[in-house]
Amino acid sequence: MGRHGRFLASVLASVLAGTLAAGAVRAADFQAGLSAYTAGDFATALAEWQPLAEAGDAVAQFNLGVMHQFAKGIAQDDAAAVHWYALAAAQGYAMAQSSLGVMHDFGLGTASNDAEAARWYALAAAQGVAKAQNNLGLLHETGRGVPQDLAEAERLYRLAADQGYAKGQLNLGRLHEAGRGLPKDFAEARRLYLLAAAQGDAEAQFLLGAMHDAGRGVTQDFAEAARLYRLAADQGNAEAQFNLGAMHEAGEGVAKDPAEAARWYRLAVAEGHARAMTNLGVLHAAGRGVAQDEAEAVRLYAMAARLGNATAQGNLSGKYERGEGVAADPVTALVWAILGAEGGNPRAIAARDRLAAMLPEAEAAKARRRADDCLASGYTACN
């Protein structure tokens, strides 16, 4: 899942807790709305909260923003969500400030604006909202909307992590594992990943699996790596799906099973994972675990090649050169060989040199122009 999906899920998960705390001090109509909301009667909740929101009640305004953003009893409308979040945020309501930061961060219902996202996150973070502390930490880590500052990112992640916020634990663990802005410390990274993984965080499960897979900071243990990858893969983590597929293909930590490898690769392909596309293409070309299908192999290689995968580019070049699953076309073969060579693929380098020497100079020059156009377009114009 991308940043967008992860943050939206975290916003929705925090809504009920925030409204429950506020509901204890609200009037009967607010309580009626809260009772209806928790019972799934969103139409009644909306009817109770709308007048309060229009009268200036910050929590009701925030709740209306949530209902608009997540289509709870009303049509999904990010712009309306921004409107209500902004009204509540202007009154200092921390959850609304955090949510408004998310909307600016991802350009939901308003133009994407990193600086504005950072401003709202900072206001919510100062009030102790762990999600805002984590999100502001991400902006400082990457230098989006604020100066890049790894020490500040660490401080913010730690504040969120100390509150038990899984993403804060995950991100602080990443800094420790990579030694970014602080000494490299695999043991501390593992400790933090374990805390986040215990809360079901898929990325933490994946990173723990990767540590066991590589023997990084722990004893290498393919079976434990596969177990952790499976937890993350079952939640849709594409990297974990790919790695689990590769382990089934190689028989590392799990039974060797190319059909099971193909199944995991397909799931990762659906998430846009280029290496999974390439590996699944190899299985189709060889007929291992799947029906042999050269045309499907070409289709998968082409998808990955247009995502910049140098291995797929070299494989696609070979298919065009030999006419396997596609009409033979040495010029197009040279195009993809040039692109794969640019990515450092040794087989593509050899194919590039062989095809360039074999083709008439005019045809080779045409291939070079096509490759240049493809690169310049970011792989959108690769005819």
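I started with Glu-177, which counts as buried because its relative accessibility is 11% (buried means under 20% relative accessible area, exposed over 50%, partly exposed in between, with a 1.4 Å probe and protein chains only). The model is predicted, so I kept in mind that local features need pLDDT of at least 70 and side-chain atom pairs pLDDT 80 or more, while totals for chains, interfaces and linings use all residues. Residues are numbered from 1 along each chain as its sequence is written, and side-chain values use heavy atoms, with hydrogens and water left out.

Glu-177 sits in helix 10, residues 166-178 (helices are DSSP runs of H or I, at least four residues, numbered from the N terminus). I listed its contacts (heavy atoms within 4.5 Å). Leaving out residues up to four places away in sequence, Glu-177 touches Lys-184, Asp-185, Phe-186, Ala-189, Tyr-193, Met-211 and Arg-216.

Next, helix 13. At the start of helix 13, a side-chain oxygen of Asp-221 comes to within 3.2 Å of the backbone nitrogen of Ala-223. I noted the buried residues of helix 13 as Ala-225, Ala-226, Leu-228, Tyr-229, Ala-232 and Ala-233. Their cover includes helix 12 (202-214), helix 14 (238-250) and helix 15 (258-270).

Then helix 18. Its 13 residues should span 18 Å, and I found the end C-alpha atoms 19 Å apart, which agrees. Asn-309 is at the start: one of its side-chain oxygens reaches to within 3.1 Å of the backbone nitrogen of Thr-311. Just after helix 18, Gly-323 has a positive phi of about 70°. How many of the 13 residues of helix 18 are buried? I found 10, so helix 18 is mostly covered. Among them are Gln-313, Asn-315 and Lys-319. The buried residues pack against helix 16 (274-286), helix 17, helix 19 (330-342) and helix 20 (346-358).

Last, the pairing of helix 17 with helix 18. Their axes come within 8 Å and cross at roughly 140°. Helix 17 and helix 18 are therefore oblique to each other (under 35 degrees is roughly parallel, over 145 roughly antiparallel, 65 to 115 roughly perpendicular, the rest oblique). In helix 17, I saw Glu-294, Val-298, Tyr-301, Ala-302, Ala-304 and Ala-305 meeting Ala-312, Gln-313, Asn-315, Leu-316 and Lys-319 of helix 18.

Terms used. Helix = DSSP H or I, 4+ residues; strand = E, 2+ residues; numbered from the N terminus. Polar contact = N/O pair within 3.5 Å; in protein donor to acceptor, adjacent residues only side chain to side chain. Axes fitted to C-alpha atoms, helices over the stretch in contact; angles between N-to-C directions. Expected span 1.5 Å × (residues − 1).
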